[in-house]
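Keep the viewer open and try each task before reading on.

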Amino acid sequence: RRPPRKLLRRPGEEGLQHFEPALRWIEENRERSDAGLVLEPLLQRRDARPEHSARAAEVALAWLDEHAEAEEAEIVLRALLSSDGLDSQREQRAARATLDWLDKHAGDPDAQFVLHTFLRKADLHGENLSRAVAAAMRWLDLHGKEREASFVLSALLGRAELAPSMVARASSAAIAWLRQNETLEEAHYV
């Protein structure tokens with residue numbers, strides 16, 4: 001039986017006692033796409049020991065190798081990108097997995113969550129940043145007028161190292177969004 005996510009989200013020791021058994025369950029059931037639902041709360045724990053966070057990140061990367069096309073992949077990527085368990089090697093692997101996923105899913109409405117988290121990472125540079133920005137622009141071309149675009153726009157405009165042409169393109173998208181959505185609460189994020 002899949003471990004209940006509710007137990008894994010419990011604060012303190014009450015939730016941590018389920019961390020190791022949940023990781024073992026995922027490793028034993030890696031072929032199941034719904035194992036991603038168990039990974040998410042493990043990756044989000046800020047009170048786990050560093051070695052547990054690192055192991056959860058490693059298990060998540062292995063799960064993504066097998067289930068990159070699963071519906072749960074977006075949830076796992078988002079949690080993995082903000083995980084405490086990423087050293088530089090796992091960070092690079094997570095970036096590759098994210099970019100591969102975005103290559104196929106940048107137009108999906110829910111890609112906004114992965115884009116927002118990925119674009120806000122301070123260690124996103126060079127070719128990885130270029131590909132992430134291109135994915136964000138593809139997403140904005142399809143969903144740029146929707147309320148949720150504010151999250152992608154704010155993350156994109158928060159990147160100080162964008163090329164001038166990308167700044168101009170992102171700024172145009174933000175202005176168009178603001179004209180249509182200036183009364184929304186989310187407008188102050190853009």
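## Exercise 1: Arginine 159

Arginine 159 sits in the loop between H10 and H11; helices here are DSSP runs of H or I with at least four residues, and strands are runs of E with at least two, numbered from the N terminus. Before starting, note that this is a predicted model, in which local features need pLDDT of at least 70 and side-chain atom pairs count only at pLDDT 80 or more, while totals for chains, interfaces and linings use all residues. Residues are numbered from 1 along each chain as its sequence is written, and side-chain values use heavy atoms, with hydrogens and water left out.

**Task.** Decide whether arginine 159 is buried or exposed, then find what its side chain reaches.

**Solution.** 
- Step 1: Arginine 159 has a relative accessible area of 7%, so it is buried. Buried means under 20% relative accessible area, exposed over 50% and partly exposed in between, with a 1.4 Å probe and protein chains only.
- Step 2: The backbone oxygen of lysine 121 lies 2.7 Å from the side chain of arginine 159.
- Step 3: Arginine 159 and glutamate 161 are joined through their side chains by a polar contact of 2.7 Å. Such a contact is a pair of N or O atoms within 3.5 Å; within protein, one must be able to donate a hydrogen and the other to accept it, and residues adjacent in sequence count only if both atoms are side-chain atoms.
- Step 4: Leaving aside neighbours within four places in sequence, the contacts of arginine 159 are Leu119, Arg120, Lys121, Ala122, Leu124 and Leu129. A contact means heavy atoms within 4.5 Å.

## Exercise 2: Rings

**Task.** How many aromatic pairs does the structure hold? Which arginine lies over the face of phenylalanine 113?

**Solution.** 
- Step 1: There is 1 aromatic pair. Its members are phenylalanine 151 and tyrosine 189, tilted, at 6.4 Å centre to centre with 35° between the planes. Rings of Phe, Tyr and Trp (its six-membered ring) pair if their centres lie within 6.5 Å; planes under 30 degrees apart count as stacked, over 60 as edge-to-face and the rest as tilted.
- Step 2: The pair links distant parts of the chain, 38 residues apart: phenylalanine 151 is in helix H10 and tyrosine 189 in the segment after helix H11 (164-181).
- Step 3: Phenylalanine 151 is partly exposed at 32% relative accessible area, and tyrosine 189 is partly exposed at 45%.
- Step 4: Arginine 78 lies over the face of phenylalanine 113, 4.7 Å from the ring centre. The criterion is NZ of Lys or CZ of Arg within 6 Å of the ring centre and within 35 degrees of the ring normal.

## Exercise 3: Salt bridges

**Task.** How many salt bridges does a search of the whole structure find? Trace two that involve helix H7.

**Solution.** 
- Step 1: The search finds 22, a salt bridge being a side-chain nitrogen of Lys or Arg within 4 Å of a carboxyl oxygen of Asp or Glu.
- Step 2: Lysine 104 bridges to glutamate 69, with the closest N and O atoms 3.5 Å apart. Lysine 104 lies in helix H7 and glutamate 69 in the loop between helix H5 (50-67) and H6, so the pair ties together parts 35 residues apart in sequence.
- Step 3: Aspartate 103 and arginine 131 meet in a salt bridge of 2.7 Å, N to O. Aspartate 103 is in helix H7 and arginine 131 in helix H9, so this pair ties together parts 28 residues apart in sequence.
- Step 4: Finish with the network of salt bridges that links Glu20, Arg24, Glu27 and Arg55.
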